[in-house]
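Please look through the structure shown here together with the report that follows. The report takes one site or region at a time.

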Amino acid sequence: MKTFYRGKIFTFNHTATLANIQGVIPDSLFVDEGKFTFLRDGVIAVENGIITAVGDYSIIKKQIQAEDNLVDYSNKLITPGFIDAHMHATQTSAVSAYGEKLLTWLNNYVFPSEVAFKSDISARREYEILLNQLFKNGTTSICAYLPSSYDGADVLFEITHKYNMRVIMGNTIMTDGNDELITSPATSMKISEKLYQKWHNTGRIAYALTPRFALSCTEETLQLCQDFVHAHPDVYIQSHLCENKNEIEDTLAKFPWAEDYLAVYEKYDLVNDKSIYGHCIHLSDSEWSRMVDKGAILANCPTSNNYLGSGLFRYDIAIEKDAKFALATDWAAGNTLSMFRVMDDAYKVGMLNSFKLETLTRWYSATLGSAKALQLDQYIGSLEVGKEADFIVIDTAANELLNYRLENSHDLLDYLFSISSLGDDRIIDATYVYGNKVYDINLPCIQK
Ligand SMILES: [Zn+2]
């Protein structure tokens, strides 16, 4: 039995790349450019969590059998679920803390809030709130930093596995700094090994070795991380890089042998094509080149960077160098889980650098571009036959102002730009993970 979802369809296609979508302007109203598809009356078919057909309703409707379901989202937009490539699952209770930059914000608000995750009861409660908010905002995949404790981390693996979400996650490794959060290097690696063995490639889950940042790690820890990566070459790595100028100064003081911040991670073989580095705002020319040469992923978090006053990411350089970059919230330094708000802030950051970050580029970097950077594009990021059915339904009429604005919208780029500029959780009508509805604006939270 299949389920057919009828509505407007917008998706990038697998041929799209960061480079080849630059400057693309549809030459007539809502056309299929090959790199993406827009259908005014389209349909996707889903069977056992996999997309089996995408096309015009007038053509695909002939495939609908008596036993199949047809879900009518006419006049609503069906589009891939968003991927959030960098977020902290431990910081929900610290969101919207006032008035600090990175290092004091961590010490004053975030580290105290993360201590609560030693109890799996408080962790479970916060995760339920977080997952509901993610689905309500149309996010279906996350790259997440989990608690440093085994129990606190294991709970979110368990919950996301129940939802059958495609996630990349790992316990945050801290062996230097806040006394209540740090563990010994050996204990950190034991927790990492146990979680890797239990969860990596279980269902749709991938494990990420997650040293928080160089300042929270001793050299012994970084050496053990290198050993871990050598033992498990398929593992993802996540950490932070060049977010804040004081952070860079402190890092170079802590590791005086390093020529720059990136060199600390490079020494321990932590920079490769499965490493996801949050922020990357203040990269030197050399660091930009080395990140691109190694195929490392730059997780760009403009709402967070604006909130903490960290600086302006250089989209112009990222595009010129064809870097692998993905948009992300950096929840909860980013004070929103909405990828619309992230796209909006990315546009504003570009403007503050006198650079017009194109509409398609921003949507791409929250969906297929992110999936390609993360090497997950065979599974997610677009609505194409054979891919996993992670998708959302957008109802622009649910936002009166957006609805009014779109009365005067006459081309695809303006339509998408308006949605990303004015949209938020109010316009997410439904969210589907692997073909299962996990959020419906008209129903109470769907609990697993
Ligand atoms: Zn972060």
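## The zinc site

Along the chain, the donors of the zinc ion follow the spacing H-x1-H-x151-H-x89-D. They are His-86 (NE2), His-88 (NE2), His-240 (NE2) and Asp-330 (OD), which coordinate the ion at 2.1 to 2.3 Å. Donors here are N, O and S atoms within 2.8 Å of the metal (3.2 Å for Na, K and Ca); water is not among the atoms, so sites may look incomplete. This is a predicted model, in which local features need pLDDT of at least 70 and side-chain atom pairs count only at pLDDT 80 or more, while totals for chains, interfaces and linings use all residues. Residues are numbered from 1 along each chain as its sequence is written, and side-chain values use heavy atoms, with hydrogens and water left out.

The arrangement around the zinc ion is irregular because the four donor atoms subtend angles of 88 to 164 degrees. Four donors count as tetrahedral if all angles lie between 85 and 135 degrees; four count as square planar and six as octahedral if opposite donors are over 155 degrees apart and all others between 65 and 115; anything else is irregular. His-86 and His-88 are both buried. Buried means under 20% relative accessible area, exposed over 50%, and partly exposed in between (1.4 Å probe, protein chains only).

## Two helix pairs

Helix α5 (residues 185-199) packs against helix α6 (residues 219-231) at an angle of about 25 degrees, and their axes are 9 Å apart. Therefore α5 is roughly parallel to α6. Helices (H or I, at least four residues) and strands (E, at least two) are DSSP runs, numbered from the N terminus. Axes are lines fitted to C-alpha atoms, for helices over the stretch in contact, and angles run from 0 to 180 degrees between N-to-C directions. Angles under 35 degrees count as roughly parallel, over 145 as roughly antiparallel, 65 to 115 as roughly perpendicular and the rest as oblique. Residues of α5 that meet α6 include Met-189 and Tyr-196, and those on the α6 side include Leu-224 and Phe-228.

Helix α3 (residues 120-136) and helix α4 (residues 150-163) pack at an angle of about 40 degrees, with axes 9 Å apart. That angle makes α3 oblique to α4. Among the residues that meet are Tyr-127, Leu-131 and Phe-135 in α3, and Val-155, Leu-156 and Ile-159 in α4.

## Backbone features in loops

Two residues other than glycine have a positive phi. For Asn-201, phi is near 65 degrees; this residue is found in the loop between α5 and β8 (205-211). For Cys-242, phi is about 50 degrees, and its place is in the loop between β9 (236-241) and α7 (245-254). Which of them is buried, and which exposed? Asn-201 is exposed, because its relative accessible area is 55%. Cys-242 has 1% relative accessibility and so counts as buried.

A cis peptide bond joins Trp-331 and Ala-332, with omega about 10 degrees. Ala-332 lies in the loop between β12 (324-327) and α12 (339-352).

## Ser-370

Ser-370 is part of helix α14 (residues 368-373). With a relative accessible area of 0%, Ser-370 is buried. Leaving aside neighbours within four places in sequence, Ser-370 is in contact (heavy atoms within 4.5 Å) with Ile-83, Ala-85, Ala-326, Tyr-364 and Ser-365. Ser-370 and Phe-82 are 288 residues apart in sequence, but 9.0 Å apart in space, C-alpha to C-alpha.
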